[in-house]
Amino acid sequence: MGKHMEEIMVGYASVHEYEHEIVRPDDGLPARYFFSNDGRPAMVPLHYHDAVEIMYCTKGCVSVTKGNETFLLQEGDTVVYNINEMHMTLCRNSYTTAYVIQILAPFVQTVSGMSETSFRVPLLSDGNATLRQREQVEELERSIESFFTITKELAQDPCLFIRAQGSLCEILYQLFRNFQDTQAKVPHRNQKNYDRIRRIREYIDSHYAAGISLENMAAHIGVSTSYFSRFFTENFGQSFLQYLYQIRLEHAYVDVITTNTPLLEAALDNGFSSYSLFNTKFKETYGLTPAQARRLYSGQKT
């Protein structure tokens with residue numbers, strides 16, 4: 001989940017350019033927004049960005065990692081990823097849909113007057129929300145739907161741009177009024193850490209198809225291997241190797257479903273040392289083998 005599959009396919013011919021971290025506004029609004037309807041399993045590896053991201057699941061379910069917790073977002077649930085909060089999504093089915101809005105941090109801070117805050121929306125699917133909480137979540141979800149209804153008509157009526165900004169403000173108003181998490185530690189990335197994480201991402205995205213080791217990474221950013229391992233786990237919430245496999249799978253998945261490249265070649269081209277390892281990791285992540293994914297989602301024969 002996280003973007004249309006058509007968008008995922010575009011750009012993979014070139015170097016991976018942090019498309020998960022960079023939030024590019026749509027239609028001149030201070031937000032990026034889309035209806036996620038991939039029609040096949042999809043994964044967005046761990047990342048964070050300078051925006052508040054809201055995901056409202058309208059059908060199906062998706063596994064969500066938010067900070068240090070992982071849970072299932074089901075139909076009727078909404079989750080908010082806070083500014084600079086690590087998160088990832090993994091959808092193993094072909095029918096999940098969701099509204100996604102990423103509101104840029106400067107806009108959030110300008111309209112609210114707050115430099116840092118954190119939000120938490122209770123899950124309706126777990127049955128623990130009070131009646132009042134359920135009403136508040138449903139009100140937020142109606143506001144999200146209203147925003148998308150307005151933006152559909154922007155091309156025909158430019159004056160709706162004003163209403164669209166007002167709709168974003170209404171969404172933020174509800175977040176600040178009903179869903180502030182005063183107990184949460186607001187994620188903060190100082191510039192040194194941000195630059196270091198960006199260098200790590202840049203190196204991995206340029207070398208994921210080759211052999212990369214902890215020693216390589218530590219030397220690249222000029223720290224000891226033990227320090228790098230700790231730094232990575234603290235900032236990414238998982239081990240370096242786990243993350244590396246996610247990036248390799250993300251690229252290999254596109255090769256599997258959009259090309260007729262032999263599956264062994266797709267595995268080796270994306271950094272896997274053997275087809276057996278690739279097959280195992282692929283199935284662990286997407287819930288089916290590369291061969292099954294190609295048959296189901298590309299119409300190509302293996």
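How many helices and strands does the chain have? Switch to a cartoon view and count along: there are eleven helices and eight strands. Keep in mind that this is a predicted model.

Now show the whole chain as a surface. Of the 302 residues, 51% count as buried. Contacts reach across the sequence too: among those between residues at least 6 apart, 74% join residues at least 24 apart.

Next, select residues 191–207, which are helix 5, along with residues 214–221, which are helix 6. At what angle do these two helices pack? The angle is about 130 degrees, and their axes lie 10 Å apart. Helix 5 and helix 6 are therefore oblique to each other, and their crossing is right-handed.

From helix 5, pick Arg 196, Arg 199, Ile 200, Tyr 203 and Ile 204; their partners in helix 6 are Asn 216, Met 217, His 220 and Ile 221. Color this contact by type and you get five nonpolar residues, two polar and two charged.

Last stop: select Glu 75, in the loop between strand 5 (69–74) and strand 6 (78–81). Is Glu 75 buried or exposed? Glu 75 is exposed, because its relative accessible area of 52% is over the 50% cut-off. Leaving aside residues up to four places away in sequence, Glu 75 touches Cys 57, Thr 58, Lys 59 and Gly 60.

Key: Residues numbered from 1 in each chain as written. Predicted model: local features only at pLDDT ≥ 70, side-chain atom pairs only at ≥ 80, totals over all residues. Heavy atoms only, no water. Axes fitted to C-alpha atoms, helices over the stretch in contact; angles between N-to-C directions. Helix = DSSP H or I, 4+ residues; strand = E, 2+ residues; numbered from the N terminus. Parallel < 35°, antiparallel > 145°, perpendicular 65-115°, else oblique. Left-handed = near helix turned anticlockwise from the far one by under 90°. Contact = heavy atoms within 4.5 Å. Nonpolar A, V, L, I, M, F, W, Y, C, P; charged D, E, K, R; others polar. Buried < 20%, exposed > 50% of the residue type's maximum accessible area, 1.4 Å probe, protein only.
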